[in-house]
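Colleague: Before I rely on any of the labels in your description, I would like to hear how each one was reached. Could you take me through them, setting the values against the definitions?

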Amino acid sequence: MTTLPAFCTPLDADWPLPTPLAGCQLRSTRFDRQRLQAGDFALGQVEPPANIQRSVAKRQAEYLAGRLCAREALLAAGGPAQVPGTDEERAPVWPAGFCGSITHGDGWAAAIVAHNSEWRSLGLDVENRLETARAERLAAEILTPDELARLDPQQAALQVTLTFSLKESLFKALFPLVRKRFYFEHAELLSWSAGGHVQLRLLTDLSEEWHHGKEVAGQFSLFDGRLLSLVAIPAI
């Protein structure tokens, strides 16, 4: 049995989003990078890649916390108790038959995993909720002209944070399927509800299936000044 390093809290199995998804396992933890010890990778039985070994303590703590969540979520989903590798794009490599996503930010990390018989791909992203002034500065970089036209000045901080996070989740979900990069201007947030459900639309052609105009559903939640978003692609 793996010993959990002291820099992170016991892994939480609660579902923090509005709608549970059948077959999806999500694990999360809070972590303190200042408490990371030199032997914590060995204690957690996680082998850091070379770029992580060379990185600062903050990045090491994020990586280790995320991988610990990923291994536990993978095991809970019926997979092997192993840590996903990293490909040339620095994306997680999941065992055959499984998909998943890892996210971390400001002392919180999580991973979601499912079997490919139920879900083809998953994209999970956490962001700190932007302050209004920063959201207004970043809006033109993150939002399309149509999204800017729909922006409510009274909810600018929430809408810009939400749009940023959902486009990150959409990228994480679609990149393993299309292996093509796309950017903020290549998707738009069509609608969102206070209950945490959203609709996104692609504005570029990534493949025959994932084409301009294709719509994708997502969901989000707010907690502790953070916004967590998820885009899940069902199995065909």
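Modeller: I will begin with the elements: helices (H or I, at least four residues) and strands (E, at least two) are DSSP runs, numbered from the N terminus. Residues are numbered from 1 along each chain as its sequence is written, and side-chain values use heavy atoms, with hydrogens and water left out. This is a predicted model, in which local features need pLDDT of at least 70 and side-chain atom pairs count only at pLDDT 80 or more, while totals for chains, interfaces and linings use all residues.

Colleague: What separates phenylalanine 171 and phenylalanine 175 in helix α6?

Modeller: They are four residues apart in that helix, so about one helical turn lies between phenylalanine 171 and phenylalanine 175.

Colleague: Why is the pair of phenylalanine 171 and phenylalanine 175 called stacked?

Modeller: Rings of Phe, Tyr and Trp (its six-membered ring) pair if their centres lie within 6.5 Å, and planes under 30 degrees apart count as stacked, over 60 as edge-to-face and the rest as tilted. The ring centres of phenylalanine 171 and phenylalanine 175 are 5.3 Å apart and their planes are at 25 degrees, so the pair is stacked. Phe171, Phe175 and Phe182 form one aromatic cluster, and by this rule the structure has seven aromatic pairs.

Colleague: What makes the pair of phenylalanine 7 and phenylalanine 31 edge-to-face?

Modeller: Their planes make an angle of 65 degrees, with 6.2 Å from centre to centre, which gives an edge-to-face aromatic pair. This pair links distant parts of the chain, since phenylalanine 7 is in the segment before β1 (25-30) and phenylalanine 31 is in the loop between β1 and α1 (40-43), 24 residues apart.

Colleague: Are phenylalanine 7 and phenylalanine 31 buried or exposed?

Modeller: Buried means under 20% relative accessible area, exposed over 50%, and partly exposed in between (1.4 Å probe, protein chains only). Phenylalanine 7 has a relative accessible area of 2% and is therefore buried, and phenylalanine 31, at 10%, counts as buried too. Glutamine 45, in the loop between α1 and α2, has 53% relative accessibility and therefore counts as exposed.

Colleague: How do you know that arginine 181 lies over the face of phenylalanine 175?

Modeller: A charge sits over a ring if NZ of Lys or CZ of Arg is within 6 Å of the ring centre and within 35 degrees of the ring normal. Arginine 181 is 5.5 Å from the ring centre of phenylalanine 175 and lies over its face, while the charged end of lysine 214 sits over the ring of tryptophan 210, 5.0 Å from its centre.

Colleague: What makes alanine 114 count as buried?

Modeller: Its relative accessibility is 0%, so alanine 114 counts as buried.
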